[in-house]
Amino acid sequence: MNIYRVTTNAMMYTYKNNLMSSKKRLSDAIIRVQTERSFNSYAENPAAAARAFQLRRSHWNTCNQLESNSRVMTTFQQAESAMDKVKNDLKNKVGDFSGLRALNGADASARTTWAQTIKAAAEGMVQLMNTKYTDNYLFAGADGLNVPFTWDEASGELLYRGVSVNAKEGTPEYEKLKEMNAETTFVDIGLGMREDSEGNPISSTVYNSALSGIDFLGFGRDADGDPLNAVSLMMEASKLLSEASPDDGSWEENGAKYERFHQLVSKMEDSTNAMLEKFVEHDAKSTFLKNNETQLIAAKDSLNIQINEVEDIDPAAAITDLLNARYSYNAGLQIGMQILSQSLLDYMK
């Protein structure tokens, strides 16, 4: 049978350790209630801290993706507004051309007047395609800092980033147009962004935010050698109308110019239909971005809930722990008053 000797020093040592432990539990409980966090350091709960880090990283990525999606969606909406005006202008002018084909006799004098109107409309369409949003041109492809469409002073042809939009297929200029039309500006909008072995983004996991003006207006020439660009067709039609007689607008109705005007109207109708298809395609992209924004917002809210579940306290449980810790600490102080003699207390003072 072992006999343990309880000394005053041993008793005081044990009492102080227990009292400090109670004090620390009380302090921790107060901090949890004040901060409303279940832990304040990695060491307190390594598993929860690691989980919180993963959730917060996912939340940060989702917020960035949502911001990118909103920025692209706003840009596309601005572009859609400009494209709609261009499409409607061309559609209206094609209707005007159809009326001009039927003008004969004295009424044909309106052709020379319409020449200026059509030219102004074509130039207005170019200005719309040069729309600038924030610091970037909407329809400049990957080069948003420079104006996309300009006019060649010598030939009067429309240029896209310095290259004629009427370049023939097989020429270096045409290849340059194809290259610019295929430019991409990839952004991460939550499609699972990944890279290939060479470090290039996989197109199916990112979103292309680049908008090419020539993709909408057309470029190159058709099998007849005529421009595919809507603005170029309008400018040629305007020039043809200006060559009519200023007195009666006559062309020699059965002559080459009259037949040429018929061809231009037909080709502009084709251009309008192609433009409408591009507009519908762009509208579908805007709808996709809107739906993706809804999904990203839902993901962000879900991650917020999970982060709160991991990091935040249960108020009722935290307050209960605080009351228990305070009760234990006060009880420890009362016990200390009983086990320590008055003379020793006086000595400690």
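Trainee: Before we start, what pLDDT do local features need?

Mentor: Residues are numbered from 1 along each chain as its sequence is written, and side-chain values use heavy atoms, with hydrogens and water left out. Since this is a predicted model, totals for chains, interfaces and linings use all residues, whereas side-chain atom pairs count only at pLDDT 80 or more, and local features need pLDDT of at least 70.

Trainee: How much space lies in the largest pocket?

Mentor: A pocket is, on a 1 Å grid over the protein atoms alone, an open set of points where a 1.4 Å probe fits, with protein on both sides within 12 Å along at least five of seven lines. Its volume is the space filled by probe spheres set on the points, which are joined across faces, edges and corners. For the largest pocket this comes to about 390 Å³.

Trainee: Which residues are the closest to the centre of the largest pocket?

Mentor: Lining residues have an atom within 4 Å of a point, and 17 residues line the largest pocket. The closest to its centre are Thr 75, Asn 136, Tyr 137, Thr 185 and Ser 209.

Trainee: Which element gives the largest share of that lining?

Mentor: Helices (H or I, at least four residues) and strands (E, at least two) are DSSP runs, numbered from the N terminus. Two or more lining residues come from each of β2 (136-137) and α2 (46-101). The largest share, 4 residues, comes from α2.

Trainee: How is the aromatic pair of Phe 149 and Tyr 160 arranged?

Mentor: Rings of Phe, Tyr and Trp (its six-membered ring) pair if their centres lie within 6.5 Å, and planes under 30 degrees apart count as stacked, over 60 as edge-to-face and the rest as tilted. Phe 149 in strand β3 and Tyr 160 in strand β4 are 11 residues apart. With 5.1 Å from centre to centre and 55° between the planes, their pair is tilted.

Trainee: Are Phe 149 and Tyr 160 buried or exposed?

Mentor: Buried means under 20% relative accessible area, exposed over 50%, and partly exposed in between (1.4 Å probe, protein chains only). Phe 149 has a relative accessible area of 2%, and Tyr 160 has one of 0%, so Phe 149 and Tyr 160 are buried.

Trainee: Which residue has its ring face under Lys 87?

Mentor: Lys 87 lies in helix α2 and, at 11% relative accessibility, counts as buried. A charge sits over a ring if NZ of Lys or CZ of Arg is within 6 Å of the ring centre and within 35 degrees of the ring normal. At 4.9 Å from the ring centre, Lys 87 lies over the face of Phe 279.

Trainee: Which residues does Ala 79 touch, not counting residues up to four places away in sequence?

Mentor: Ala 79 is found in helix α2 and is buried, with a relative accessible area of 0%. Contact means heavy atoms within 4.5 Å. On that basis Ala 79 touches Leu 138, Phe 139, Leu 211 and His 282.

Trainee: What does Asn 69 contact, leaving aside its neighbours within four places in sequence?

Mentor: Asn 69 also needs placing: it lies in helix α2 and is buried, with a relative accessible area of 0%. Its contacts are Ile 189, Leu 289, Asn 292, Glu 293 and Leu 296.
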